[in-house]
Amino acid sequence: LKLPVATTCHPRGALGAMASLWRRGAMATLALATGACAREDTTTPRPIAASRAAAGTQVGEPPRFVMSGVCDFKASLNGAVFEVVGFTASGAAYLRAEVENTMQYIYHDLDCNGGGGGKARWIIGNHAPNTSKLVDLDDDGKCNYHARLDVALADSQLPPVRATWGVFCGSAWEPMVLNLALQEERGANSSLMLNGACEGSSFFNGLIFDLQGKTASGSPYYKAMVNNEEKQSFYIYHDTACSGSAAPGEEAPVPRWILDESEPDAHRVKDLDADHKCEYHARTFEGGVSALPVKASWRMFCGTEWKDVILSFSADSHEAVVLQQGDFAVVAGAPLTSPLLALGLLSFSVLVLAF
């Protein structure tokens, strides 16, 4: 496979979170195919700084919960795997699952129709919540959803793992005991295949990124070798501050996963390519420091402009997915009616969110 040459950038064209565990983690004039990376604009959302992690818990992949107990009318929700993907303005985590090719969400809303007289509740619905709002997060001016649980937001920021919800079962609302059982975590795969890159950077599709080790922050980093005459290499790594320390009065860079051609210095925790700039081919604010999101929204340079794309990383077909325990912890003694995990900020598969 002969791919376009991306030379070392001199200069390289112009180029969190779940509380303490996940962090959200930055336009350009030259295309990769012409030998340049790109600098992204620096207007970035502020990361959530407050820590909600329970003492003694470990950072890991975003927790996943398997739903059960839903009535026959909504039976497609049974077995759905909901993954924590971020936080809303209230600080509550929100979860997402794909059910029959449609995304379903769980989120907390202080007043579902925004009228001022509603109850705080967890909601299961098919509209993504507006994470900048506190009320009417689906922007419909109505209380329209599959199920709801009237309860104030708990310190855990997660819906209860077992509780009685009101579920619409065809002709009436019925009380149903719904379960959100913790799914065994996927471990870090040693080889991941990238897909979803845009036209202009499509040569990234199909590249196999091999696990190289961990950086000083404890984050895994990956390397892909291009089998062409130039023997190019590309890297994916997490950087807590891609331009280094902020100058007095300046806002610090948002932590992010980065797709770059410069090898990261594994002894550093910020500005891992030591260029004092946020220059790269793609980035995502999704995903925790210890786990690359397997599917996420990335900001990618696509030849002449930056675009938002969905990148996915799947286990190399030559390798079985390895399951391991210990990268996230169950909070000892947690009752069944409360979440079992302390979260850390998430989605794994791609590098950036759109501004």
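Author: Cys242 and Cys278 form a disulfide, with their sulfur atoms 1.9 Å apart; a disulfide here is a pair of cysteine sulfur atoms within 2.5 Å. This is a predicted model, in which local features need pLDDT of at least 70 and side-chain atom pairs count only at pLDDT 80 or more, while totals for chains, interfaces and linings use all residues. Residues are numbered from 1 along each chain as its sequence is written, and side-chain values use heavy atoms, with hydrogens and water left out.

Reader: Which hand does the disulfide of Cys242 and Cys278 have?

Author: The torsion about its S-S bond is about 85 degrees, so the disulfide of Cys242 and Cys278 is right-handed. The pair links distant parts of the chain, 36 residues apart. Cys242 is in the loop between strands E13 (233-239) and E14 (256-260), and Cys278 is in the loop between E14 and strand E15 (279-280). Strands (E, at least two residues) and helices (H or I, at least four) are DSSP runs, numbered from the N terminus.

Reader: Is Cys242 buried or exposed?

Author: Cys242 is buried, at a relative accessible area of 1%, and Cys278 is buried at 10%. Buried means under 20% relative accessible area, exposed over 50%, and partly exposed in between (1.4 Å probe, protein chains only).

Reader: How many disulfides are there in the whole structure?

Author: A search finds four. One of them joins Cys112 and Cys143, whose sulfur atoms are 1.8 Å apart. Cys112 lies in the loop between strands E5 (102-109) and E6 (121-125), and Cys143 in the loop between E6 and strand E7 (147-150), so this pair ties together parts that are 31 residues apart in sequence. Cys112 is buried at 3% relative accessibility, whereas Cys143 is partly exposed at 35%.

Reader: And what is the torsion at Cys198 and Cys302?

Author: It is about -105 degrees, so that disulfide is left-handed. Cys198 sits in the loop between strands E10 (191-195) and E11 (208-214), and Cys302 in the loop between strands E17 (295-301) and E18 (306-315), 104 residues apart.

Reader: Switching to the fold. How many helices and strands does the protein chain have?

Author: It has zero helices and 18 strands. Eight strands make a closed barrel with antiparallel pairing, in the order E10-E11-E12-E13-E14-E16-E17-E18. Two strands pair if DSSP finds at least two bridges between them.

Reader: How many bridges join E13 to E14?

Author: Five, and the two strands run antiparallel. Tyr235 stands opposite Asp260 in E14.

Reader: What about aromatics: how many pairs?

Author: The count comes to eight aromatic pairs. Rings of Phe, Tyr and Trp (its six-membered ring) pair if their centres lie within 6.5 Å; planes under 30 degrees apart count as stacked, over 60 as edge-to-face and the rest as tilted. Phe203 and Phe204 have ring centres 4.8 Å apart and planes at 35 degrees, so their pair is tilted.

Reader: And which kind of pair do Tyr280 and Trp306 make?

Author: Their centres are 6.3 Å apart and their planes at 85 degrees, so the pair is edge-to-face. Tyr280 lies in strand E15 and Trp306 in strand E18, so the contact ties together parts 26 residues apart in sequence. Tyr280 and Trp306 are both buried.

Reader: Which residues do ring pairs link into a cluster?

Author: Phe73, Tyr145, Phe168 and Trp173.
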